[in-house]
Amino acid sequence: MQTNPDNHISACLLICCPDRPGIVAGVSAFLFQSGANILDASQHSTDPREGLFFMRMEFQVEAAQKHTLEKGFQEQVATPLQMEWQIRYSDQRKRMAIMVSAYDHCLMELLWRWKSGELQVDIPLVISNHPSLEKECTSLHIPFHYIPVTAATKEQQEAAAIRLLLEQQVDFIVLARYMQILSPNFVAQFPHRIINIHHSFLPAFAGARPYLNAYTRGVKLIGATAHYVTNELDEGPIIEQDVSRISHRHSVQDLVAIGRDTERLVLFRAVNAHINNRVIVHGNKTIVF
């Protein structure tokens, strides 16, 4: 979403509510009466037994109207239609923190996409439990914080990380192959604001050598999953997935390389969707417009 030079900004409205006739008409009429110009609209109705309606609407509005627009929308539209809703504005650039361990492929993908302008965010810090990727971050003037983790220091390490993230007022966190399990306390600080990436063999081939185990088993598809982090390990709402076909001709090293390429792209697409307000979380699933 880009800021308009004549004091108009772009805004993105995300809605979840019980399905019923007139929702689109009600929202559109309100925005028209508020002087907004609708740029894009997408909607989805669930199975009638579930009876839910989801919508994403992007529009332009005068920057000075934010407060009155939100107050009026709540009173005139959201309350009568029992809506859960949020508005994000183009003049509120998101702040993305990255947490990473020793693998560099996902971190480097995010940094390259950010440097090229494809990820419209600020990156106030990178946190790692290994020192090896500091140069890659500081060369781009991104502060790098090395916080080592041991079984004895894990609680203190998490407290230090949380303190840094809150001080920097981050909007969300990306685990770019951060090989530590976050505690419930950590997750509770950032609900539906932590994005993780892992290979899609899970729950099969769990552990430290999934590609060797997959090779031994003779799998024909490998992939990656990006999801929001919850207290259930690798079970949070899925944002993005992809797979690559392999054959007996591929070595274990080939599988690792293909898997890492897939992880990089899946994580980028998930992060980009989150940045552009294309994800609505409902229960343990997502609607991605």
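This is a short tour of one predicted model, stop by stop.

Residues are numbered from 1 along each chain as its sequence is written. Because the model is predicted, local features need pLDDT of at least 70 and side-chain atom pairs count only at pLDDT 80 or more, while totals for chains, interfaces and linings use all residues; side-chain values use heavy atoms, with hydrogens and water left out.

**Stop 1: two helices**

Select residues 210–217, helix α7, and residues 252–275, helix α8. Helices here are DSSP runs of H or I with at least four residues, strands are runs of E with at least two, and both are numbered from the N terminus. The axes of α7 and α8 lie 9 Å apart, at an angle of about 120°. Axes are lines fitted to C-alpha atoms, for helices over the stretch in contact, and angles run from 0 to 180 degrees between N-to-C directions. The angle makes α7 oblique to α8 (under 35 degrees is roughly parallel, over 145 roughly antiparallel, 65 to 115 roughly perpendicular, the rest oblique).

Now show the side chains at the contact (heavy atoms within 4.5 Å). From α7 come Tyr-211, Leu-212 and Tyr-215; from α8 come Val-252, Leu-255, Val-256, Gly-259, Arg-260 and Glu-263.

**Stop 2: aromatic rings**

Rings of Phe, Tyr and Trp (its six-membered ring) pair if their centres lie within 6.5 Å; planes under 30 degrees apart are stacked, over 60 edge-to-face, and the rest tilted. The count is three aromatic pairs.

Select Phe-73 and Trp-85, an edge-to-face pair with 5.0 Å centre to centre and 65° between the planes. Phe-73 belongs to helix α2 (residues 66–78) and Trp-85 to strand β4 (residues 84–89), twelve residues apart. Buried means under 20% relative accessible area, exposed over 50%, and partly exposed in between (1.4 Å probe, protein chains only).

Next select Phe-186 and Phe-190, a tilted pair: 5.7 Å centre to centre, 50° between the planes. Both are buried.

**Stop 3: helix α3**

Select residues 105–115, helix α3. Its buried residues include His-105, Cys-106, Leu-107 and Arg-113. The elements they pack against include β5 (96–100), β9 (194–199) and α8.
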